[in-house]
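My entries follow in the order in which I looked.

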Amino acid sequence: MEVNLPLKIIGLGRYLPARVVPSSELEKICKLPAGWVERHNGVRERRWVTDETSSYMAAQAAREALDEAGLKPGDLSLIINASGTGEQAIPDTGALIQRQLGLGKSGIPAMTVHNTCLSFVAAMDVAANYLNSGRYKNILIATADVASCGINPKEPESASLVGDAAAAVVVTRSGAGDKSMVHNAHLKTYGDGAYLTAIMGGGSARHPAKPNHNPDDDLFHMDGPAVLRMVRGIAADYLDELYPNLSKGLGDIDVVVPHQASKVGLMMLSRFGWPQDRIMSTLETLGNCVAASIPSTLYQAVRDGKIQRGDKVLMVGTGAGLSIGGLVMTY
């Protein structure tokens, strides 16, 4: 879906916890044979927090992005938390990020755009529209996910996938003659898949204070094969709605930054005729970092020189909901 909204990423940042967790450690936790995780999920290692909170990680990534943008925290006009997991139920994690940045008395608006693994992509779309309206000038999008606290050893497929990470961008409206732009953006949700990927506890329906609360409800659940079947059924039509003929090849798109869902999920992209060397991956060393996967991979691709100014970039993925979404932009 063509939108053509002026937006430029002027700063990128990332924070990775110091603790490196090899897949051999997950194999012990989940009682799996040696080498199982890397063979099945493609993850050699991932990062897990020790005492970091998600708002702390988001603020650390934000500081790097602000430094690159040549801005101070007080120069921000809006803070968007785009994380798939919240630090706590109330207040909104956006307020906690604002506080971590030393802006607790600033009044700078802070909010959350939440669409699980697609939160960053959705937030970029929201930010582009805000910038186009002229309402805000410098917007911070910060994404931080601590998924390690919710793994369920009884479900080794998903438990061995996830890692913790944070990434952030500072975006502003691109100026006259600047090619940076969001060209296309599109999101679709199929609620019939709502319970294929879920954490049932923590909300009002299965609150921990209710009688007979099941602690397993507070852990992550995913029916991976069912999700893949559902995605296979909708992906081709969706991609062509996002960008013309995308299900048959990349065309003029230079680089793909996909959600790092799983080894099988990344392999599935080849069925659309997308060259492997144009698909960025951090799955092997970071795992699936929920919403932080796409911006963390974007950060790596830019720092490695695989994405240059003027390149046309596709960010795409799926998330709980079941949702499928993407965005095409000139970086």
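I took contact to mean heavy atoms within 4.5 Å, and I took helices (H or I, at least four residues) and strands (E, at least two) as DSSP runs numbered from the N terminus. This is a predicted model, in which local features need pLDDT of at least 70 and side-chain atom pairs count only at pLDDT 80 or more, while totals for chains, interfaces and linings use all residues. Residues are numbered from 1 along each chain as its sequence is written, and side-chain values use heavy atoms, with hydrogens and water left out.

**Helix α3**

I first asked which elements the buried residues of α3 pack against. They pack against β2 (8-15), α4, β7 (138-145) and β8 (165-172). With buried meaning under 20% relative accessible area, exposed over 50% and partly exposed in between (1.4 Å probe, protein chains only), I noted that the buried residues of α3 include Ser 54, Met 57, Ala 61, Ala 65 and Ala 69. After α3 comes Gly 70, which has a positive phi near 70°.

**α3 against α4**

I then looked at how the axes of α3 (residues 54-69) and α4 (residues 93-100) are arranged, and found that they come within 8 Å and cross at roughly 55°. Axes here are lines fitted to C-alpha atoms, for helices over the stretch in contact, with angles running from 0 to 180 degrees between N-to-C directions. On the α3 side the contact involves Ser 54, Ser 55, Tyr 56, Ala 58, Ala 59 and Arg 63, which meet Thr 93, Leu 96, Ile 97 and Gln 100 of α4.

**Backbone**

Most residues other than glycine have a negative phi, and most peptide bonds are trans. I therefore listed the exceptions that I came across. The bond from Ile 90 to Pro 91 is cis, with omega near 0°, and Pro 91 sits in the loop between β5 (78-81) and α4. The bond from Gly 321 to Leu 322 is also cis, with omega near -15°, and Leu 322 is in the loop between β13 (312-319) and β14 (323-330).

Asn 4, in strand β1 (residues 2-5), has a positive phi near 50° and is partly exposed at 33% relative accessible area. Asn 212 has a positive phi near 65°, and with a relative accessible area of 79% it is exposed.
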